Amino acid sequence: MTDTDTGTATAAGSDWRAWQESWDRQQEWYMPDREDRFRVMLDMVEAFVGPEPRVLDLACGTGSITARLLDRFPGATSTGVDLDPALLTIARGTFAGDARVTLVEADLKDPGWPARLPYDTYDAVLTATALHWLRTEALEALYGQVAELVRHGGVFMNADHMIDDSTPRINAAEAAHSRARRDRAMKNGALDWAEWWALAAKDPVLAEPTARRFEIYGDHADGEMPSAARHARVLREKGFAEARPVWCSPSDTLLLALK
């Protein structure tokens, strides 16, 4: 693994696999079908750009996409980019020594972030459950930059919360059902977002980057969740030839855009 920001240390003795699994369980509390979207995402990577892709893992967090990408496609390479110092600490520990992975610390709202990447273009740019942290103007600017990074014939995929405001009764029923499921899971010991971060704040290695993380983001960013149709329209406006959902759940969508 290479890292464009080597100022952050990681402790060799930390159990990074355990932290990865803990993050996965916390995310699955919100999204029990999380692995389904990853499977379809990688199916589409293989269909469009083959089994040895150069991938940009956008807003990579702990490297959930990168881990699954390399497990399925050992010949792939991945550049992970994120601003969160705590999640990047886990990613650095997880992929230490893996030459296929480069991690970049950068703010996706900074217009100059693509200059920090090791490559000018990518076969696939992938992201999941991250871009709803951005408001509309920042998201649209990011989509323009992503369109420049994806090679001709390459793909961009975004798996995220995409809310259709034209179906309020459906939305309300789905939200109530999901809350009830999460309540049942919590009674059985599942951790929510706040509890997971509370544990990270007590960890000897993660405490300092977790504190910096909350200085950057606060408790949660004030983003937006446009519909899949709006995402697709903006992606076409920014330079993609085609864009549509390739997987969906009652609340989330995996949108694929083809350059």
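Strand β3 (residues 77-82) and β4 pair in the parallel sense over five bridges. Here two strands count as paired if DSSP finds at least two bridges between them, while helices (H or I, at least four residues) and strands (E, at least two) are DSSP runs numbered from the N terminus. Within this pairing, G80 stands opposite L103 in β4. Strands of a sheet pair through backbone hydrogen bonds, either parallel or antiparallel.

The model is predicted: local features need pLDDT of at least 70, side-chain atom pairs count only at pLDDT 80 or more, and totals for chains, interfaces and linings use all residues. Residues are numbered from 1 along each chain as its sequence is written, and side-chain values use heavy atoms, with hydrogens and water left out.

Strand β4 (residues 101-105) also pairs with β1, again in the parallel sense, over two bridges. D3 stands opposite L103 in β4.

How many of the five residues of β4 are buried? Five of the five are, so β4 is largely enclosed by the rest of the structure. Buried means under 20% relative accessible area, exposed means over 50%, and partly exposed lies in between (1.4 Å probe, protein chains only). In a regular strand the side chains alternate between the two faces of the sheet. Both faces of β4 are covered, with V101, L103 and E105 buried on one side and T102 and V104 buried on the other.

D98 is buried, with a relative accessible area of 16%. Leaving out residues up to four places away in sequence, D98 touches M1 and L70, where a contact means heavy atoms within 4.5 Å.

Eight strands form an open sheet in the order β1-β4-β3-β2-β5-β6-β8-β7, and the pairing is mixed. Its edge strands are β1 (2-3) and β7 (242-248), each of which pairs on one side only.

A59, in the loop between β2 (54-58) and α3 (64-72), has a positive phi of about 55 degrees although it is not a glycine. T129 is found in the loop between β5 (122-128) and α5 (136-149), and has a positive phi of about 50 degrees, although T129 is not a glycine either. Are these residues buried or partly exposed? A59 is partly exposed, with a relative accessible area of 21%, whereas T129 counts as buried at 17% relative accessibility.

Now the chain as a whole. Its secondary structure comes to nine helices and eight strands. The radius of gyration is 18 Å, close to the 18 Å that the globule rule gives for 259 residues, so the chain is as compact as a globular protein of that length. This radius is taken over C-alpha atoms, and the globule rule is 2.2 Å times the number of residues to the power 0.38. Along the principal axes, the C-alpha atoms fill a box of roughly 45 × 45 × 30 Å.

Of the 259 residues, 50% count as buried. Among contacts between residues at least 6 apart in sequence, 75% join residues at least 24 apart. The chain exposes about 12100 Å², of which carbon and sulfur atoms supply 52%; accessible areas come from the Shrake-Rupley method with a 1.4 Å probe, and for residues only the protein chains shown count as cover.
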